[in-house]
Structure formats: C-alpha cells, structure tokens
Amino acid sequence: MKRVIAAGLALALTFSLAACKDVKEGASSKNKESATAVMSYDPADYVTLGEYENIPVTITGNYDTSEEALSDYIDEELAALGFIKDEKATTVKKNSIVNVDYQGLQDGVAFDGGTAEDQTLDVGNNCMADGSTGFIDGFTSGLVGAKVGDTIDCDVTFPEDYGAANLAGQEVVFRFTINYICKASTSQKELTDDFVKEYFDYDTVSDFKEGMKEELEDSVNSQKSSDIRSAVIQTVIGNATINGYPEDVLKQRKDAYLESYTTQYGGYENFEAQMTAYGLNMEDFIKEMEDGIKSNLETEMVFGLVADTLGLELDEDEFKEYCQKLMLNNGVSSEEELFGNYGGSTEAGEAYLRRIFVCNKAVEYCVDHVGEVTIENTENAGETEENEED
C-alpha cells in the first residue's frame with residue numbers, strides 16, 4: 001500500500017474510505033480518475049481565520065536539564081546496557097548470567113531452530129537474561145561449573161508434547177561455547193575511562209558526562225520545540241472557524257484510500273474479513289477514517305489560508321531540498337516515486353506536496369511569532385517564557 005504521511009504538518013494524514021456501497025463495488029474508473037486528478041481549492045472559501053500571531057500557548061512536559069535530571073539520564077543510559085562482560089568471573093555458577101553460542105544436535109546432526117550465537121542466558125532461571133524466553137527443562141543446568149572459553153555438551157530431553165513432532169520426547173545434545181560471564185551494568189560511582197571508552201566511545205569519564213549533558217539538553221530542547229509546534233498548530237486551528245470542506249477534495253482522498261486498500265487486500269470482501277479478524281467494526285473504522293481526513297484537511301486549509309494572508313510563496317530550491325529529505329526519509333529514489341506516494345498520480349502528488357510545503361512555512365511563521373509559552377509539569381507548573389523574535 002502506498003504510504004501517505006503528513007509531510008511535516010505534525011499531524012498524520014489518513015485517507016478515508018468511501019461509503020460502504022462504493023467500497024463494496026470496488027474502485028470504478030470514475031473513482032480512479034478522481035484519485036489521479038490535480039485538484040485545487042481556495043481555503044478562504046471554507047475557513048475564517050482567528051488569531052495566529054503572538055498567541056499564548058501552554059505545553060505540558062518535563063524539560064528539566066538540572067544536575068539531578070542529568071544524573072537520572074546517565075543512570076538510564078547505563079541501565080540500557082543491560083548485562084555487560086564481567087572480566088573477573090571465570091566459572092559459571094548456579095545464578096550466573098552467561099553469554100554463549102550453542103548448537104542443537106540430534107543424532108549428531110544440527111536440527112532446525114537449535115542454533116544461536118551471542119545469547120545471554122540466566123542460568124538459574126533457565127531463560128533469556130531479560131526474561132523474554134524460557135527454555136525446556138535442563139537447558140541451562142549443564143552449564144554450571146563450565147569455564148569461560150569451554151565448549152561443553154549438555155544432554156537435554158524434549159517434552160512429549162513439544163510442538164515440533166520430530167523433537168517431541170527426543171533426547172538431543174546442546175553444544176555450548178561459553179563466551180563470557182556477565183554482570184549488571186556499572187553505577188556512576190564505578191565509571192572508569194576504560195569503561196566509557198568501550199561502551200560509549202568516549203575517552204574519559206569527564207568527556208562521557210559532558211556528552212551526556214549535551215545529549216540531554218538536545219533531547220529536551222527538541223521535545224520542547226516539538227511540543228510548542230504542536231500547541232501552536234492546535235491553537236491556530238482552534239481559533240479559526242471551519243465553514244465547510246471542498247467536497248471534491250474529500251472525495252478524491254476517499255477514493256485514493258479506497259484504491260489503496262482494495263488493491264492491497266484484493267477487494268472489499270477480503271478487506272472486511274481482515275478487519276473483522278482484527279476485531280474491528282467496519283462501519284466504525286470507516287467513520288473514524290472519514291473523521292480523520294476532515295481533521296487533517298482542516299489543518300491544511302487553516303495554514304493554507306495563513307500562508308495566503310501572509311503572502312508566503314513556494315521557493316523552488318527550498319521545495320527541491322524538502323523533497324530530497326522526504327525521499328531519504330521514505331526510502332524512495334526518485335521524485336516521481338515520491339510524488340506517486342502522495343497522490344493517485346505523479347501530478348496529483350506533486351501538487352499536494354507543494355501545498356503542504358507552503359502550509360509548513362505558515363506553521364513555522366506562527367511558531368516563530370508565538371506569544372507567551374506556559375510550561376506545566378508536576379515539578380514547575382505555571383512557568384512562563386517570552387518568545388524572542390528575530
């Protein structure tokens with residue numbers, strides 16, 4: 001199915017199914033013509049703008065970059081390492097976490113699904129170290145007493161009710177190679193230059209902490225900017241009055257959605273059967289998609305009218321760069337393919353992206369000219385900051 005995304009408006013664009021009767025009949029040639037046509041509309045015919053400059057917005061989140069927040073961030077990064085190599089441990093114990101390669105052999109021949117490398121096992125609990133997968137009884141018990149570097153054979157009997165008939169009730173051998181014994185990731189107090197060099201590619205602990213500080217600040221600033229952008233979009237839309245919708249555009253997007261899904265599933269009946277298998281009611285699904293297409297069209301119309309009011313125009317060089325980024329993000333190799341992913345035809349997709357590009361310029365203008373930003377969170381509710389204009 002063609003992927004259709006918002007192309008930067010921060011709201012996912014979803015196409016809606018046409019009425020059930022149209023869907024069941026399949027995409028007619030008329031529908032296909034609608035889906036491929038280049039359609040335009042004047043947003044002023046459907047929208048009355050409210051305030052969009054110097055508007056106050058409220059964002060909710062944790063934007064803390066204090067020393068305490070940095071310490072928590074470093075702890076999270078260390079914990080994310082999970083289990084690491086214990087250089088001092090040499091012998092597997094009953095409660096060891098151990099990294100191994102193994103191969104399952106039945107009558108001396110490797111069997112399907114019995115071979116794996118770089119597996120971190122919890123010996124005492126007979127499962128993966130993260131608890132995600134348990135093993136048949138006795139799988140890890142033979143590892144106790146083995147030393148790092150050893151290759152040992154462990155006899156294991158599959159249960160009678162095992163899912164694979166060729167293995168149910170059978171005696172096999174698992175040949176393990178002990179790569180290393182693990183320990184939980186270190187704490188901040190135990191950090192060394194060698195450790196951060198091996199696991200984080202920093203030369204010193206000091207460099208590591210400075211790098212973590214920059215990462216935290218970048219992450220917080222990025223999240224804050226994203227939240228302000230979303231709040232501005234919602235506020236500008238909320239300040240506007242939607243007087244109607246361009247019906248031909250609504251129908252085109254419904255037709256495009258119809259064409260996509262009926263093609264993917266080989267017809268409406270197959271699509272309906274798949275949705276039923278997912279436990280979804282088709283009428284509710286269709287209604288939700290129709291609401292979604294209107295919601296996203298409202299965003300497009302409002303900021304399209306802002307762009308028209310401000311006299312914002314498309315710059316060809318900037319649009320070219322924009323398309324290159326979209327191609328990279330979507331894994332496509334040509335503009336023709338990119339445009340085809342955003343419309344029923346190359347021409348329709350290009351026209352849509354040109355419109356969205358200008359809408360994005362309007363969004364950026366409103367964000368750059370935002371008024372007072374109120375930050376609400378559990379630790380510092382009511383904090384405000386003034387927007388600094390260029």
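Entry 1. I use buried for under 20% relative accessible area, exposed for over 50% and partly exposed in between (1.4 Å probe, protein chains only). Aspartate 153 is also partly exposed, at 45%. The two form a salt bridge, their closest N and O atoms 2.7 Å apart; the term needs a side-chain nitrogen of Lys or Arg within 4 Å of a carboxyl oxygen of Asp or Glu.

I note that this is a predicted model, where local features need pLDDT of at least 70, side-chain atom pairs count only at pLDDT 80 or more, and totals for chains, interfaces and linings use all residues. Residues are numbered from 1 along each chain as its sequence is written, and side-chain values use heavy atoms, with hydrogens and water left out.

Entry 2. I checked arginine 229 and glutamate 364, which meet in a salt bridge at 2.1 Å, N to O. Arginine 229 is buried at 15%, whereas glutamate 364 is partly exposed at 36%.

Entry 3. I then looked up arginine 355 and glutamate 300, whose side chains form a salt bridge at 2.6 Å, N to O. Arginine 355 is partly exposed at 22%; glutamate 300 is buried at 2%. Shared partners join Arg253, Glu300 and Arg355 into one salt-bridge network.

Entry 4. How many salt bridges does the structure hold? I read off 10.
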